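This report describes aromatic contacts and strand pairing in one protein model. Please look at the sequence and the structure before reading on.

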Amino acid sequence: MSKIYALSDIHGHYQEFIKALTNIDLDNQENKLILLGDYIDNGINSKAVIEKIMTLEKEYPEQIITLFGNHDEFLINWLLGLEDCFIDEKSLLSFFTIEDLTDFTVNDLRTTFIKKYPHITNWLKRKNKEQRYYETDNQIFVHAGIWETEEDQEYWKLHTPEGEYTNAYPPKTGSFYKDIIAGHVYSHEVAADQAFLGRIYYDNESHYYIDGDVQRSGFIPILVYDTERKIYTFIEKQY
């Protein structure tokens, strides 16, 4: 019996990430862990989160799927000197000192980052070239969303704009021919119910939203899919 685990929006919360990993069984080589993006910003340990993901990929190369979110795209865009980038101070302070941020120009910071963290720079560049979704026979895992219409649903890969995978908003609900598992938005926002803070929202049709409001909940929920029984279970914050 194999399982697919999915979580999203770690946002620099390293300790919460480590705690979440204790609920994930990767000793079973048939199991997979899908990370849906947004590893940085908001929390104070973005660097540690990225390095932990890199370690997991080395330890379980056939079991870890790592997708980019919009905040991860911001970081690589910032490193490459492209537009559409914003890195918050908490993230920067996980890579630099406060003196660096005060004394260095933006170009100095970029140059220093590339020289100081070549392993992270190369990882970001490599991940930036990979597709922004992971598809199974039954699901589409994505950070934010895909192109959806009632007709010709199976053509979503042809019609989804690149930015939709990581920036789709507002969140979609309703019926689709595959289940769509995403993060990006707060599940309590989609549900219009604060009771979903730190939990997973299912619209009772085809959409699952894994809450990304870890800075408020202090918890990273996990969606678990039993591939043989075709049953979803949730590991969520308990109140």
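How many bridges join β6 to β8? Three bridges join these strands, which run parallel. The model is predicted: local features need pLDDT of at least 70 and side-chain atom pairs count only at pLDDT 80 or more, while totals for chains, interfaces and linings use all residues. Residues are numbered from 1 along each chain as its sequence is written, and side-chain values use heavy atoms, with hydrogens and water left out.

Strands (E, at least two residues) and helices (H or I, at least four residues) are DSSP runs, numbered from the N terminus. Two strands pair if DSSP finds at least two bridges between them. Strand β6 covers residues 179-182. Strand β5 (residues 139-142) pairs with β6 in the parallel sense over three bridges. Within that pairing, Ile 181 of β6 is the bridge partner of Phe 141. Towards β8, Ala 182 stands opposite Tyr 209.

Both faces of β6 are covered. Asp 179 and Ile 181 on one side, and Ile 180 and Ala 182 on the other, are all buried. Buried means under 20% relative accessible area, exposed means over 50%, and partly exposed lies in between (1.4 Å probe, protein chains only).

**Aromatic pairs**

The structure holds 16 aromatic pairs. Rings of Phe, Tyr and Trp (its six-membered ring) pair if their centres lie within 6.5 Å; planes under 30 degrees apart count as stacked, over 60 as edge-to-face and the rest as tilted. Two of the edge-to-face pairs are set out below.

| Pair | Centre to centre | Angle between planes |
|---|---|---|
| Tyr 133 and Trp 156 | 5.0 Å | 75° |
| Tyr 208 and Phe 234 | 6.1 Å | 80° |

Tyr 133 lies in strand β4 (residues 133-135) and Trp 156 in helix α8 (residues 156-159), so their pair ties together parts that are 23 residues apart in sequence. Both Tyr 133 and Trp 156 are buried.

The pair of Tyr 208 and Phe 234 also links distant parts of the chain, 26 residues apart. Tyr 208 belongs to strand β8 (residues 207-210), and Phe 234 to strand β10 (residues 231-235). Tyr 208 is buried at 6% relative accessible area, whereas Phe 234 counts as partly exposed at 30%.

One aromatic cluster is formed by Trp 78, Phe 95, Phe 96, Phe 113 and Tyr 117.

**Charges over rings**

A charge sits over a ring if NZ of Lys or CZ of Arg is within 6 Å of the ring centre and within 35 degrees of the ring normal. Arg 199 lies over the face of Phe 196, 4.8 Å from the ring centre. Lys 237 lies over the face of Tyr 239, at 5.7 Å.
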